[in-house]
Amino acid sequence: MVQRFERNSKDTFPSLIPLYLRPIKKSVNLLSVENLAKAYSDKKLFSDISFGIEQGERVALVAANGAGKSTLLKILSGKEIADKGKVVFRNGIRTCFLEQEPEFDLNDTVYNALFHDGNAMLLSVRDYEVAIEKHEADPSPKNQKLLEDAMGKVDELGAWNYETNVKQILSKLKVHHLDQKLNSLSGGELKRVALARVLIEEPQLLIMDEPTNHLDLDMIEWLENYFVRNNVTLFIVTHDRYFLDNVCSDILELENGRLYPYHGNYEYFIEKKAEREFNEAQEFDKAKNLFKRELEWVRKMPRARGTKSKARVDDFHELKEKLESRKKTEALVLEMKMKRMGGKILELENVSKKFGDKVILKDFSYLFKKGERIGIVGKNGIGKTTFLNILSGREQPDSGKVTVGDTIVFGYYSQKGLVLKEDQRVIEVVKDIAEFIPMSDGTLVSAAQFLRMFRFPPEMQFTPVSKLSGGEKKRLYLLTVLVKSPNFLILDEPTNDLDLVTLSTLEQFLADFGGCLIIVSHDRYFMDRLADHLLIMEGNGVVRDFIGNYSEYRESLTEKERESVRQSKMEKSEVKAEQFAAQKEQKKLSGKEKQEYNKLEKEMAALEVKKAALAEQLGSGITDHAELFRIGNEIKEASDLIEKKLLRWMELGEKGN
């Protein structure tokens, strides 16, 4: 029989226990949802949906805005009660929830929010992090003693690996100044604190609602690697398609109250969803034809109502209910007329802007050309929104000149969103701008027709804005931006909370858009598809021009990092060689070291004999699993010891030459 062995990335040598003798890992179900249903008055969100999540799975839930994603997460967290069905978590597991709008006591400090419910190990790390910050700010004897005591506690509990993980999380998510109050943080900073908190707690099941919102691109890429590297079990709502592709093992689609499972990433989901919809469309056409025939038969009102006739009438009513329950999704249509654009677009000449000591722009000049599609890239807080505000005239530069062409009409979609009266109805929002809206083909449509194009059917148009979901409010805001027929679009994080259908339609509209386009977005898929030119804000007023999309930019950075690492290794090797040469001139083996050198040779020879004997035992036909495991472990221990002694033997040998 051919034996296959598995290499552990942490081991120098492969484990010598055959795979076919190892215990098979059984799947561990962490969450079971059975026959769940939820409705609000006459709006049914979902009915009789069931699914489970096993350890190691990373499952994404995708659906149109308003379909019930956030409601389902609230039911799982216990904040909402289902009308029917049950939710069962495995006994004793730690489960953490990350909500879209995390709830905090804003009078609390950052470190209390991060370590609010910790065990002894977690609390020791919290005290250590606080002690470090205090010592760095004031290295007084008092703070030195505080730091030493905190280090002693971490050492006592063996929490240094845990502390390293916590430090990495806080550093990557830029969560600093642990003693500051939460009420001093922005919404994005609060979301990062909430994300850091659930990662620090290391739950066995992590349930998250749009975790990539408010993260910059570097943070998102780090988070993807973190989830995959640590094999975190996830149930997540996200519309970040690269995240879905890179992280998720399964996708659940919630559509028309039903749940459709896809065992694969986003690319697989797109392929199989298309197949499903094609098959359903064919079945739907068959059902409609059958319905027409049955309807004609029922209308004839046959006098004889035998058993067969009654059964046929019952089948007819059942078919009718099925057809009526199949809701036809309104297609999102974006066909606004664009104002004519003249030769002069927008020019910035030696523009500078700063807030206190923070420099946003320094002598920046740029001439925008017709049809340019530019992505703005930079870390959170570096000034991207300020830059957009200067372009659109919402903020004035400290110095320099901004010249806007006479024909330019800005459409600005800002992160802050639309400020509306909560009791204002959806149709009133559009009518306040225009009663009739010009289309790209020259026709005019009414406000009601325009809303239908944006997937606001008649029954939703008189709904108060306060009743809309987060994604529906964003879609309404997008509508108000495009209704003014802009020819220069500025989009600041337009993808937050938009569903995949809206995103896809928006992307197609923007791809065909003939005006200028400026985008700030953490959605890498969105950026890659639409921006072929980047302005990189590097800090201290420096803005670098890059020709290419975001993935090409990241690839260029990766190549630079590789070259930097290669150069660093070469320099370190040269330094080590010089140091070794100098040491060799100065030192020879002492008498004690010569004894150690000779002893190591004998010990390695004895270990090789032992290892060979163990290997012979392993192949002798033993079938007892416990004995095979013991022998395999002894062989590995002998191999590790040989390697350790060999390194020391070589070190002494080089020194003695």
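## Close-up views

**View A. What covers helix α4?** Among the elements that cover the buried residues of α4 are α3 (120-137) and α5 (160-172). Cover here means contact, with heavy atoms within 4.5 Å. Buried means under 20% relative accessible area, exposed means over 50%, and partly exposed lies in between (1.4 Å probe, protein chains only). Helices (H or I, at least four residues) and strands (E, at least two) are DSSP runs, numbered from the N terminus.

This is a predicted model: local features need pLDDT of at least 70, side-chain atom pairs count only at pLDDT 80 or more, and totals for chains, interfaces and linings use all residues. Residues are numbered from 1 along each chain as its sequence is written, and side-chain values use heavy atoms, leaving out hydrogens and water.

View B. Helix α4 (residues 141-157) has 17 residues. From first C-alpha to last it reaches 25 Å, close to the expected 24 Å. That expected span is 1.5 Å times one less than the number of residues. Which residues of α4 are buried? They are Asn 143, Leu 147, Ala 150 and Val 154. Seen down the axis of α4, the buried residues fall within an arc of 65°, so they line one face of the helix. The arc is that of the directions from the helix axis to the C-beta atoms. On the other side, Pro 141, Lys 142, Asp 155 and Glu 156 are exposed. Gly 158 follows α4, and its phi is positive, near 65°.

**View C. The largest nonpolar core.** A nonpolar core is a set of buried Ala, Val, Leu, Ile, Met, Phe, Trp, Tyr and Cys residues joined through side-chain atoms within 4.5 Å. The largest has 104 residues; Leu 114, Leu 173, Leu 199, Phe 227 and Phe 450 touch the most other members. Helix α6 (residues 187-200) gives the largest share of this core, eight residues. Another core, of 27 residues, lies apart and includes Val 351 and Leu 388.

**View D. The six-stranded sheet.** Six strands form an open, mixed sheet in the order β14-β17-β18-β12-β19-β20. Strands pair if DSSP finds at least two bridges between them. β14 (410-413) and β20 (542-547) stand at the edges, each with a single partner strand, so one side of each has no neighbour in the sheet.

**View E. Where β14 meets β17.** Four bridges join β14 to β17 (residues 488-492), and the two run parallel. Phe 410 stands opposite Phe 488 in β17.
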